[in-house]
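Open your viewer and get ready to select a few residues at a time. This tour goes from stop to stop, saying what to pick and what you will find there.

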Amino acid sequence: GELELLSFPPNDLQIHVVVGHGVELGRQAQVIRELCQCKWIQVVHTDAEELAMFKSSQNTVSSGEKKHKTEEELCKLADFVVGVEPKLYESFRRCLRGCKKDSAILEFTPGVFDEFENIKHVERDLKTCSILLFDRGFINEFELKGLDIAGSAVAEIKDARLIFVGAPKGKEDDIAQSFLRCNLPASRLTVRGLVQERESVKRLFCEVDLLLMPSRTEGFGLTGLEALSAGVPILVSKNSGFGKALSKVPFGASCVVDSEDSKVWAEEIEKVWRKERKNRLSEAKGPLTSYDEKYSWSTQCKALINKMTHILSGMQ
């Protein structure tokens with residue numbers, strides 16, 4: 001296949017460092033290291049074993065274990081590992097203890113997206129709380145993403161409506177029916193297709209009062225970070241990379257929900273909604289500022305480049 005062709009770069013291409021990503025692109029990096037006598041950095045961004053525990057399809061646990069073992073072996077063979085976000089960094093650092101490579105891993109947590117920082121929000125309140133669930137099209141597992149939690153929580157709040165954005169083409173009706181089974185009235189539900197364009201995402205963030213990310217587990221959760229970057233009030237699951245990262249910064253814990261109980265989520269939504277919109281938007285700046293300070297793109301990129309330089313010079 002096309003991915004296998006990546007294992008054979010042009011002969012005149014000089015490579016000092018090759019970066020493998022997950023299982024799909026890790027094997028190619030392994031081959032390139034041998035061919036080009038370069039260094040190999042392996043990036044991990046999901047925990048297949050944990051994801052499998054929340055999926056309902058057949059043989060997911062065994063396949064999740066198999067994929068995780070493969071990724072673990074790739075990490076052991078690589079010269080260095082990068083774990084995307086605190087939760088995954090800790091998980092793979094633990095895996096690397098057995099081969100005494102637990103210090104050969106760097107945590108890299110996505111930082112604030114600058115393209116969203118200049119959004120101007122209208123401060124005037126409306127009568128209905130507009131709550132956003134935003135997905136990039138991965139809806140194979142309704143419960144894995146905690147969409148049932150969100151649907152049931154919003155159903156509890158009479159003056160709230162749920163907007164789900166990210167339904168794959170042809171799956172809009174199925175997703176709507178899944179939400180309706182959570183006792184959410186059709187009059188308070190909107191289901192839309194996938195939105196990719198940045199300007200459309202900006203307009204979407206201006207439309208809503210709050211973004212939810214109630215995943216039962218999540219590798220990171222970029223949609224939550226995008227909303228935070230845009231100054232939108234958020235509530236995110238603690239069992240996500242983003243939730244773990246937020247919990248470590250001042251004011252961040254107020255945005256994190258450590259529960260799968262829809263009633264707990266409903267209570268947290270009510271707390272946010274009962275404040276004036278002007279105050280909600282103002283309070284959203286606190287976790288945004290502290291997150292930006294702790295997880296700076298430039299600082300983390302410098303640390304990664306320094307590590308690459310050390311590896312190339314033979315230093316560990």
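Begin with the second largest pocket, which holds about 360 Å³ of space. A pocket here is an open set of points on a 1 Å grid over the protein atoms alone, where a 1.4 Å probe fits and protein lies on both sides within 12 Å along at least five of seven lines. Its volume is the space filled by probe spheres set on the points, with grid points joined across faces, edges and corners.

A word on the ground rules: this is a predicted model, in which local features need pLDDT of at least 70 and side-chain atom pairs count only at pLDDT 80 or more, while totals for chains, interfaces and linings use all residues. Residues are numbered from 1 along each chain as its sequence is written, and side-chain values use heavy atoms, with hydrogens and water left out.

**Stop 1: the pocket lining**

Select Glu-117, Ile-119, Ala-230, Gly-231 and Lys-285, which lie nearest the centre of the second largest pocket among its 19 lining residues. A lining residue has an atom within 4 Å of a point. Two elements, α12 (277-283) and α13 (285-294), each give two or more residues to this lining. The largest share comes from α13, with four residues. Helices are DSSP runs of H or I with at least four residues, strands are runs of E with at least two, and both are numbered from the N terminus.

**Stop 2: helix α13**

Stay with α13 and ask: which of its residues are buried? They are Gly-286, Pro-287, Leu-288, Ser-290 and Tyr-291. Buried means under 20% relative accessible area, exposed means over 50%, and partly exposed is in between (1.4 Å probe, protein chains only). The buried residues of α13 pack against α9 (222-229), α10 and α12.

**Stop 3: the loop between β4 and β5**

Next, pick Lys-120 in the loop between β4 and β5. Lys-120 is exposed, with a relative accessible area of 73%. Draw a C-alpha to C-alpha distance from Lys-120 to Ala-230: they are 110 residues apart in sequence and 8.9 Å apart in space.

Glu-123 is in the loop between β4 (105-108) and β5 (129-134) too, and is partly exposed at 45% relative accessible area. Beyond its neighbours within four places in sequence, Glu-123 is in contact (heavy atoms within 4.5 Å) with Arg-277, Lys-278 and Leu-281. For Glu-123 and Gly-83, 40 residues apart in sequence, the C-alpha to C-alpha distance is 38 Å.

**Stop 4: Ser-237**

Now select Ser-237 in strand β9 (residues 234-237). Is Ser-237 buried or exposed? Ser-237 counts as buried because its relative accessibility is 5%. A polar atom of the Ser-237 side chain lies 3.1 Å from the backbone nitrogen of Asn-239. Show the surroundings as well: leaving aside neighbours within four places in sequence, Ser-237 is in contact with Met-213, Pro-214, Ser-215, Gly-243, Val-256, Val-257 and Trp-265.

**Stop 5: two positive phi angles**

Most residues other than glycine have a negative phi. Asn-183, with a positive phi near 70 degrees, lies in the loop between α7 (172-180) and β7 (189-193). Asn-183 is exposed, at 66% relative accessible area. Then jump to Phe-251, where phi is also positive, at about 75 degrees. Phe-251 lies in the loop between α10 (241-247) and β10 (256-257) and counts as exposed at 59% relative accessibility.

**Stop 6: the two domains**

Finally, zoom out and colour domain 1 (2-111 + 296-313) and domain 2 (114-293); such bounds come from an automatic or database domain assignment. Their centres, taken over C-alpha atoms, are separated by 30 Å. To see where the domains touch, look for the 14 residues of domain 1 that are in contact with 19 residues of domain 2.

Glu-141 counts as buried at 10% relative accessibility. Beyond neighbours within four places in sequence, its contacts are Phe-54, Lys-55, Ser-56 and Ser-57.

Conventions:
Polar contact = N/O pair within 3.5 Å; in protein donor to acceptor, adjacent residues only side chain to side chain.
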